[in-house]
Amino acid sequence: MKQEIHFVTGKGGVGKSVVAAGLALRKSREGKKVLLVELGDQSFFKDFFNEPDVAFKPRELKKNLDVALWSGETSLREYAKYLIKVEALTKLFFENAVMRAFINVAPALSELAIMGKITSGPRDYGPLVPYDCLVVDAYATGHFMALMRASKGMAQAIQFGPMGEQSRSIDTVLRNQDICHYHIVTLPEELPVREAEELKSQLANEFSLRPQVILNKFLETSVPLATLKEAQKDATSDLGRFALYLEQHQERQRGLYQETQKNFDRLIQVPLFFETDPWKLVELISERMV
Amino acid sequence: MITIFQETQVLVCVGSGGVGKTTVAASLGILAAKEGKKVLVLTIDPAKRLAQTLGIEGSTDITKVPGQNYKGELYASVIDHKKTFDAFVERAAKKSDSAKKILNNGLYKQLSTSLSGSQEFTSLEKLYSVFESKQFDLIILDTPPTKHAIDFLYAPQKLSALFSEGVAKWFRDPEGKKSGFFGHMLQSGTKQVLKILESLTGSTFIRELGDFFMNIEQWQAQLLQRTVDVHRMLVSPTTHFCLVTSFDQAKLKEAEFFAREIRKGGYHLKTVVLNRVFPHWLNLESNITGTSQNEELLQTYSKMKTYYADREKLYQQFESRLKKDVRVFRIPDLVKDISDIKGLEELGHMIAEGEKV
């Protein structure tokens with residue numbers, strides 16, 4: 001079976017990570033072996049699921065569902081080890097003070113290493129990633145585009161050598177929509193919706209990609225407007241104020257829903273769940289990830 | 001006088017992306033202007049309507065915010081990273097032709113502003129140059145969106161480490177005429193390291209990179225000096241940090257971590273703003289529920305109330321773990337998107353009210 005890769009992105013604070021976990025759980029329930037990938041140096045899922053540790057090496061969360069934390073440095077290190085094959089040399093390279101400083105800031109190197117690791121399965125390059133499906137809890141909008149652009153930019157800047165070749169092959173996989181799937185998470189709020197639209201255009205214009213949108217925390221109620229108006233007559237009561245809030249919220253939500261639906265080919269709506277238990281919440285979200 | 005601004009010349013608003021940092025920074029600006037200060041809000045990437053409100057859409061000049069009538073004056077500006085970086089290069093490059101050489105270098109053009117930490121660097125660069133000019137009583141900096149609040153403080157160190165570790169020296173002479181890059185490698189016996197880098201990236205990349213570093217080597221002294229100056233400004237007792245964060249368990253844990261780290265670094269964290277904590281209609285203490293025949297309305301109301309009551313418990317734990325000298329403000333969710341002066345004033349008013357409690 002061909003490996004599938006899902007990127008989950010969106011404006012900061014829209015609930016990307018939890019949606020990514022929901023998607024990953026869904027895929028694992030479909031019988032796939034799934035790896036939920038976090039990017040960067042600090043794990044969200046460690047605190048969220050109260051796990052002892054989340055690191056580069058995958059750790060089992062549930063049956064068929066593992067989690068890992070991949071950073072530029074750890075990905076690069078693994079890649080170097082794979083190429084160099086001698087542990088002592090890899091160590092020499094990464095523990096050299098100059099190299100460390102360089103790797104920390106080198107243009108696009110960290111992004112490239114991460115994307116190289118993520119796409120290593122379909123490219124059949126590097127250490128084996130033994131999963132049917134990767135769900136990447138990717139960076140927020142702006143930084144996500146930096147991830148996407150790293151391989152494209154590097155492929156243009158460096159024509160020859162392994163760096164150029166790798167960059168081109170990463171870029172090719174990222175553009176292949178049979179392998180890579182893009183999900184933009186947004187809230188029924190103005191700013192996240194605007195950012196989702198902008199990101200959609202950038203992905204379309206620069207990579208000919210068609211992402212789907214996940215409208216998160218949608219308040220699903222069907223209280224008739226007349227009832228809301230009636231309750232508002234008692235403006236001093238909590239319920240009266242709540243009715244006013246609900247009316248305004250629903251109106252705004254409806255407008256943004258229509259706009260989002262018009263702009264995207266595929267839209268998934270995830271309701272606002274009043275659930276504080278992490279696994280129960282992820283379970284509820286996974287049911288909507290059809 | 002509101003204590004946030006007491007003995008404060010620089011207020012740095014930090015926080016991870018999507019928590020409403022820019023909006024909070026702007027409303028703090030209005031609050032300070034109302035108090036009679038000449039204040040500048042430096043923003044990174046304001047949403048379109050907020051930029052329009054501040055009168056800075058499509059411009060990177062320091063602009064007086066239109067339609068204000070305060071005791072003090074409110075100015076705003078968007079930081080243009082490319083321009084700030086280029087200006088720094090031009091100042092730092094001693095000869096003008098070498099500045100041109102850098103600005104024309106392919107790698108620089110492609111990637112100068114994507115050097116990791118470069119947005120943080122340019123933000124601080126801009127902040128410091130305004131600070132030095134002494135034109136304002138107070139400067140409020142809205143920091144670049146990072147995954148974690150703490151990234152902002154680590155980033156400039158990463159960038160300056162590149163120079164203090166002497167990477168530039170390595171690349172100075174790729175032909176090895178002097179005891180440059182290759183010569184240095186051979187001498188120090190770490191030739192292997194270079195070989196590895198080359199096998200990972202290819203020789204073309206190494207050459208491009210060598211050219212890049214050779215050209216920017218002359219920044220080193222300037223950059224290090226700047227890093228020292230900026231750090232001195234950031235740890236000064238008149239520079240205060242304000243952590244803006246949203247409200248969920250993971251974010252609160254991060255805020256606690258941040259508060260500890262920032263103290264360790266010798267910075268002064270004075271305020272934590274928890275944004276959009278609870279909806280404005282919510283009054284957890286009240287028992288007056290009102291009546292309605294509609295079962296769903298009642299149910300939705302009670303579900304939301306229970307949900308927020310649970311969150312209130314989390315919040316209480318959070319506050320008890322913070323040090324006593326940090327003020328915590330809780331801002332309700334106003335449902336609407338705040339982007340006009342009135343909305344910003346309202347938000348500022350809520351912060352000021354929060355101080356009295």
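At what angle do the axes of helix α3 and helix α4 of chain A cross? Before the answer, a reminder that this is a predicted model. The two helices are residues 72-84 for α3(A) and residues 87-95 for α4(A). Their axes cross at roughly 140 degrees and come within 9 Å. In hand, the crossing of α3(A) and α4(A) is right-handed. As for who touches whom, A:Arg77, A:Ala80, A:Lys81 and A:Ile84 are the α3(A) residues. Across from them, α4(A) supplies A:Glu87, A:Leu89, A:Thr90, A:Phe93 and A:Phe94.

Next, another helix pair in chain A. Helix α8 of chain A covers residues 141-157, and helix α9 of chain A covers residues 161-175. Here the axes come within 8 Å and cross at roughly 135 degrees, and α8(A) and α9(A) are therefore oblique to each other. Their crossing is left-handed. From α8(A), the contacts involve A:Met148, A:Ser151, A:Lys152, A:Met154 and A:Ala155. On the α9(A) side there are A:Met163, A:Gly164, A:Ser167, A:Arg168, A:Ile170, A:Asp171 and A:Leu174.

Now the strands of chain A. Take β6(A), residues 180-186: is it buried or exposed? Six of its seven residues are buried, so the strand is largely enclosed by the rest of the structure. Strand β1 of chain A, residues 4-10, pairs with β6(A) in the parallel sense over six bridges. One position to look at is A:Gly10, whose bridge partner in β6(A) is A:Val185. β6(A) also runs parallel to strand β7 of chain A, residues 212-218, and four bridges join them. In that pairing A:His183 stands opposite A:Gln212 of β7(A).

In the loop between α10 and β7 of chain A sits A:Ser208. A:Ser208 is not a glycine, yet its phi is positive, at about 50 degrees. How many other C-beta atoms lie within 10 Å of A:Ser208? There are 9, and the residue is exposed.

B:Lys134 counts as exposed, with 8 C-beta neighbours inside 10 Å.

That brings us to the sheet in chain B. This is an open sheet of eight strands with mixed pairing, in the order β3-β4-β2-β5-β1-β6-β7-β8. The edge strands are β3 (63-64) and β8 (327-330) of chain B; each has a single partner strand, so one side of each is left without a neighbour in the sheet. Further in, strand β6 of chain B (residues 239-245) and strand β7 of chain B (residues 269-274) pair in the parallel sense, over five bridges. There B:Val244 is opposite B:Val273 in β7(B).

Which strands does helix α1 of chain B lie across? The helix is residues 21-34, and the strands are β1 (10-14), β2 (38-43), β4 (73-78), β5 (138-142), β6 and β7 of chain B. Relative to β2(B), α1 of chain B runs at about 170 degrees.

That is my last item.

Conventions: Residues are numbered from 1 along each chain as its sequence is written. Chains are lettered from A and ligands numbered from 1 in the order in which they are written. This is a predicted model: local features need pLDDT of at least 70, side-chain atom pairs count only at pLDDT 80 or more; totals for chains, interfaces and linings use all residues. Two strands pair if DSSP finds at least two bridges between them. Two residues are in contact if their C-beta atoms, placed from the backbone, lie within 7 Å. Axes are lines fitted to C-alpha atoms, for helices over the stretch in contact, and angles run from 0 to 180 degrees between N-to-C directions. A residue is buried if 20 or more other C-beta atoms lie within 10 Å of its own, exposed if 12 or fewer, and partly exposed in between; C-beta atoms are placed from the backbone. A crossing is left-handed if the near helix is turned anticlockwise from the far one by less than a right angle, and right-handed if clockwise. Angles under 35 degrees count as roughly parallel, over 145 as roughly antiparallel, 65 to 115 as roughly perpendicular and the rest as oblique.
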